[in-house]
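Dear colleague,

I am passing a structure on to you, together with some notes on what was found in it. Please look through it before reading further.

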Amino acid sequence: MLATSSDLLRLATAGSVDDGKSTLIGRLLHDAKAILADQLDDLRGRDGELDLARLTDGLRAEREQGITIDVAYRYFATARRTFILADTPGHVQYTRNMVTGASTADLAIVLVDARNGVVEQTRRHAFIASLLGIPHIVVAVNKMDLVDWSEEVFDGVVRDVCAFRDQLPSVRDIAYVPISALRGDNVVEPSDEMPWYGGLPLLEHLETVAIAADRDTDELRFPVQYVIRDGASDYRGYAGQVAGGVLRPGDEVLVLPSERVTTVEGIDTYDGTLDEAFAPMSVTVRLADDLDVSRGDLICRPGDRPALARDLVADVCWMADAPLRPGGRYAIKHATHSARAIVDAIDDRVEVGALQREAGAAELALNDIGRVRLRTSKPLAFDAYARNRATGSFILIDEATNDTVGAGMIVAS
Amino acid sequence: MKLTHLQTLEAEAIHVMREVAAELEKPVLLFSGGKDSIVLLRLAEKAFRPARFPFPLMHVDTGHNFPEVIAFRDRRVAELGERLIVASVQESIDAGRVVEETGPRASRNRLQTTTLLDAIAEHGFDAAFGGARRDEERARAKERIMSFRDDFGGWDPKGQRPELWNIYNGRIRRGEHVRVFPLSNWTELDVWQYIATEGLEVPSIYYAHEREVFRRDGMLYAISPFVQLIDGEEPFVDSVRYRTVGDMSCTGAVRSTATALDDVVAEIAATEITERGETRADDRVSEAAMEDRKVAGYF
C-alpha cells in the first residue's frame with residue numbers, strides 16, 4: 001500500500017454540551033495552547049465563569065440557544081502534527097451537519113458519558129463515521145471522575161462497542177480512552193487516577209495514530225479539473241488534484257470517458273516539473289497526443305480503470321426539507337464532473353440508532369440516510385466510496401433552489 | 001511520499017481556485033496588499049501559470065490605507081502583469097451612496113461593504129476570492145469555503161449550503177454571487193510560514209519600525225490624518241509592527257522588535273493573543289460584530 005501521509009490530521013467530534021464535548025475540545029485547545037488570552041476572556045460569561053461552549057458556538061443563534069447547530073472548524077498544532085478539528089452537533093436533527101464535518105475527517109472522536117454507557121447516540125455517531133469512510137475512531141469515555149475511575153465501567157463500554165463493531169466495516173481501528181475532560185485526565189496528560197489504563201492519553205494518540213496508509217489506493221485517479229492554455233507559449237496542460245495512485249512522466253494512461261490511450265509527457269507545477277505526483281497534490285499534466293480532453297474527464301491507467309456507467313447505487317444522506325422520492329431529478333456533481341440524475345428507486349432506509357436497514361421506504365426525509373439507485377444523464381467514471389473517497393462521492397443539487405440537498409457515497413454500479 | 005501540512009493546504013487551495021475558475025463565469029480576486037491576499041496571489045500563480053489569471057484583481061480602497069501598503073500593492077500587481085481594479089470608498093461617499101462617519105472614532109470600515117457590493121454589481125462578478133481564514137474569528141469559523149451570497153450580497157449563517165469533501169456547489173442565479181476563501185483552513189502561523197517558505201515580499205509595516213503612535217482602548221494607533229486625538233491621548237514614538245493590514249483609523253500596531261521574517265514567525269508562534277483581538281477595533285464593537293457585518297455583505 002502506498003503511503004501518502006502528511007503531518008496534517010483531520011478529526012471530527014460530534015456531540016452536545018451535555019456530553020462534555022465542548023469541555024473536551026476546550027481542554028485540548030487550551031492544553032495545546034491554541035486558545036489565546038483574548039479568546040479565553042471572551043469565554044467568560046457575565047458571572048466570570050468559564051464557558052467553553054462559547055468557543056465553538058460561533059453564531060449568535062447558537063449562543064442564544066446554547067446548542068451547536070453548524071460545523072465549526074478549529075485549528076491546533078503540536079510539535080508532531082497539525083490538526084484540523086471539525087466540531088459538529090450531536091443531535092439527530094443535525095445529522096447532515098455531522099455528515100458534512102465527517103466527510104473530510106481521518107479520525108472521529110465518539111464521546112461516551114461514562115455514567116450512561118453506550119447509548120443510541122454512540123451507535124449513530126460511530127455508524128456515521130463508518131459510513132463516511134473515517135478509518136480511525138477514538139471512543140473517549142468521558143466523566144470517569146463521576147464513576148470513581150471504574151475499570152469495570154470502562155470495560156463495559158468497550159464490550160458494548162465491540163458488540164456492533166461488525167457494522168462499522170470501513171473503520172480500520174478503534175481506540176478506547178478513559179478520560180475526564182473537566183479535570184484533564186488522559187486528555188493531554190496521563191491520569192494518576194486510572195493506573196489500570198495502559199494506553200496513551202488522547203492527544204498522544206492523535207499525534208501518533210498511523211494515517212500513512214489511509215488515503216491511497218494503488219489506482220491512479222486524476223480528475224481533470226481545468227485546462228490551462230497559454231497562447232504565447234502554445235502551452236496546453238490538464239490541471240487537477242491527484243485523487244489516488246501515482247502519476248509519472250512516461251506512464252501510459254487512459255482518458256475516460258473517451259477511452260483514448262496516451263502517454264504522460266510531463267507533470268508541471270509553478271515550482272518546476274515533477275518526477276511523480278500523488279494525492280492530494282494539485283498539478284498540471286501534459287499529454288503526448290493531441291486529444292480532446294476537458295473538465296470532467298478522468299485519467300487513470302488502462303489496467304485498473306474505474307466503473308464507467310450511468311447507473312449507480314449509493315448511500316445518500318438527505319439534507320433538504322423536501323424529501324427525496326423515486327422519480328426526483330437533481331443535478332449531480334461528482335469529482336469535477338457535473339450531470340443530471342434521476343432517482344430510480346430507494347432500496348432501504350437506515351434506522352441509524354439501531355443500525356438496521358429497513359426496506360420499503362417511500363422517501364428519504366431530512367437527515368435520513370438510505371440506499372438509492374440513480375441514473376445519470378451522462379456516464380460517470382467512479383469507484384466505490386470504500387475504495388476512493390474522491391471518486392466515490394457526489395452531491396445532489398436541487399436545480400430549482402440551487403441548494404445542496406444530498407450527499408452520496410457510491411456502493412456499486 | 002509525504003506532504004507537509006503546508007503543502008497539503010496549498011494543494012487544497014489551488015484546487016479551490018481552479019474549481020471557481022472552471023465553474024463560475026466572472027470571478028475576481030480581492031487583493032488588499034495584506035499578508036493573506038499576498039498568499040492568495042502566489043496560490044493563483046501556482047494554479048494558473050503559465051497562463052494569465054482567469055480573473056482580475058480588485059482592491060476596495062478606503063482612502064485611509066497605509067501608504068506603504070498601497071505602494072506595495074501597485075508594485076506587486078505590476079510584477080504579476082495582471083489587471084487591478086480599484087473600487088474607491090471616497091467615490092461612494094462623493095456619489096452619496098454612503099455617508100462618512102464623524103467624530104474621533106470615525107472609520108470607513110463599514111462603508112467598504114457598499115463599495116464592494118456596488119463594484120461586484122457594476123462589473124458583474126459572480127465570485128470573489130478573499131483571504132479570510134476560519135481561525136480569525138468565530139463567525140468565520142462557521143463559514144463555508146465557497147460561501148453563497150444572495151442578490152443583496154448578504155450571508156445567511158443559518159442557511160448555508162452543506163459543503164462536503166472537496167465538492168463545491170457554485171450554482172447561483174443572476175445577481176447572486178459566491179465568496180470563496182481558499183485559505184479557510186490556514187492559521188495565521190501557516191500564512192507566515194508559507195510567506196517564509198515561498199520567500200514572498202510583504203509591505204514594510206509588517207516588520208518592526210519606529211512610528212509615532214498613541215494609545216486608545218489598550219491598542220496602539222498610528223498618528224495619521226485620518227484620526228483625531230481625544231483628550232488625554234498623547235502621541236509617542238515606539239518600535240511597532242502590524243499583524244493585520246486595515247485602515248489606519250481602526251488597525252492597531254503591536255510593540256515589536258521583529259525586523260526580519262524569521263523574527264515575525266517566531267513572534268506569531270509564541271503569541272498569546274489573536275490577531276484580530278490585538279489589532280482590530282472593528283471586531284470589538286459587539287460580541288457578534290463580525291457576524292453582523294458579514295450578514296450585510298462584508299468580506
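In the hairpin of β22(A) and β23(A), which residue takes a positive phi? It is A:Asn402, with a phi near 65°, in a hairpin that has 6 residues between the strands. Please keep in mind that this is a predicted model, in which local features need pLDDT of at least 70 and side-chain atom pairs count only at pLDDT 80 or more, while totals for chains, interfaces and linings use all residues. Residues are numbered from 1 along each chain as its sequence is written, and chains are lettered from A and ligands numbered from 1 in the order in which they are written.

Strands and helices here are DSSP runs (strands E, at least two residues; helices H or I, at least four), numbered from the N terminus.

Strands pair if DSSP finds at least two bridges between them. β22(A) runs antiparallel to β18(A) (residues 329–334), with 4 bridges, and A:Lys333 has A:Ile395 as its bridge partner. β22(A) also runs antiparallel to β23(A) (residues 404–412), with 5 bridges, where A:Ser393 is partnered by A:Met409.

Turning to chain B, there are 9 helices and 10 strands, and buried residues make up 54% of its 299 residues.

Note on methods:
Buried ≥ 20, exposed ≤ 12 C-beta atoms within 10 Å, placed from the backbone.
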